[in-house]
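Below is a note on one model, in numbered points. It takes up a cavity and then a sheet.

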Amino acid sequence: MILERSMVEDIAAALSAHGLILRGGFNFAGGEETPSGLSGAAARSVLLVGQAGAAPWPHFLRWREGQSQTVADPFDAWSREVIGAVAKTFGARAVSPSDRPYLPFQQWAMQAEGLKPSPLGILMHPQYGLWHAYRGALLFDDEIAFGETREVVHLCDACVDKPCLKSCPVDAYSADGFAHGTCLAHVRGHNGAACRTGGCLDRNACPYGAAYRYPPQVQAFHMVAFAGL
Ligand code: B12
């Protein structure tokens, strides 16, 4: 059986009620290591669910008012609840970017949307810049009738100055990758107030997708989770 594209449109509509967007998808080629679908057999297709800018934020805050303040990783918990309900309606298995062992969300996103990594490792989107993320994925037991994948311009190719590699006070991002420990020590330390309150300075230095930049309180929320503040 091949699932129709109209189902994909219905899923997109169900997600948009929560400020979430469908980030494309693809049929697994077979042969690769594929996670299981609802039946327990290897899934045949995947749809990625994510966000552009901070669109889910008001929905998440409303949900949080009705929750105990001690819920661990509340944004993850909200995402699992909302995406899990959509999966149930449409006969899919929902997975999360924080499920262990980690699923290759960024590789999936590169295949689904044709995106490439920025120098920071975060994928660069032609419209949203660095201000987007993945909140889950839907795994199906059947293939989906996908249309053509569009060619995507990789904005970093034309960016000569690369301000994203020049704004971190401790040069956490370099050609050698991301110096996680150096970043954490700075963010947690005396001189890390700007990162704690406004988010990663390198990420904020990117000139693209400025209209989707997360507001400071959202960046501070993610920084608390990232740095265990
Ligand atoms: C572990 C992890 C981290 C670790 C990385 C440790 C390491 N050296 O591997 C740490 C904690 C450092 C990290 C940090 C961040 N991360 Co992170 N992370 C993940 C996670 C949960 C698993 C990565 C993984 O191992 N996947 C398994 C492999 C097999 O999958 P993959 O697709 O092949 O993985 C690729 C990436 O891991 C990438 N990669 C490797 N190292 C790093 C480091 C960074 C900073 C990034 C962004 C990518 C990256 O290379 C892999 C090969 O293509 C993913 C979610 C996921 N399931 O993928 C998010 C994920 C990659 N992170 C993400 C983000 C946004 C960040 C942050 C920028 C923001 C934040 N969460 O606070 C920070 C950066 C720090 C900062 N200064 O702001 C997003 C990226 C979204 C995008 N637009 O591309 C993801 C997809 C989560 C999501 N919900 O969307 N992250």
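1. How much space lies in the largest cavity? The answer is about 70 Å³. On a 1 Å grid over the protein atoms alone, a cavity is a set of points where a 1.4 Å probe fits but cannot get out. Its volume is the space filled by probe spheres set on the points, which are joined across faces, edges and corners. A search of the whole structure finds 1 cavity of 30 Å³ or more.

2. This is a predicted model, in which local features need pLDDT of at least 70 and side-chain atom pairs pLDDT 80 or more, while totals for chains, interfaces and linings use all residues. Residues are numbered from 1 along each chain as its sequence is written, and side-chain values use heavy atoms, without hydrogens and water.

3. Lining residues (an atom within 4 Å of a point) of the largest cavity include Ser118, Met124, Cys156, Lys162 and Tyr208. The lining divides into 9 nonpolar, 1 polar and 1 charged; Cys, Pro, Met and Tyr count as nonpolar and Lys as charged. The largest cavity lies between domain 1 (2-154) and domain 2 (159-227), because both give residues to its lining. The domain bounds come from an automatic or database assignment.

4. An open sheet has 4 strands (DSSP runs of E, at least two residues) in the order β2-β3-β7-β4, with antiparallel pairing. Pairing requires at least two DSSP bridges.

5. Strands β3 (residues 45-52) and β7 (residues 132-140) pair in the antiparallel sense over 8 bridges. Leucine 48 stands opposite alanine 137 in β7.

Definitions and conventions. On a 1 Å grid over the protein atoms alone, a cavity is a set of points where a 1.4 Å probe fits but cannot get out, and a pocket is an open set with protein on both sides within 12 Å along at least five of seven lines; lining residues have an atom within 4 Å of a point.
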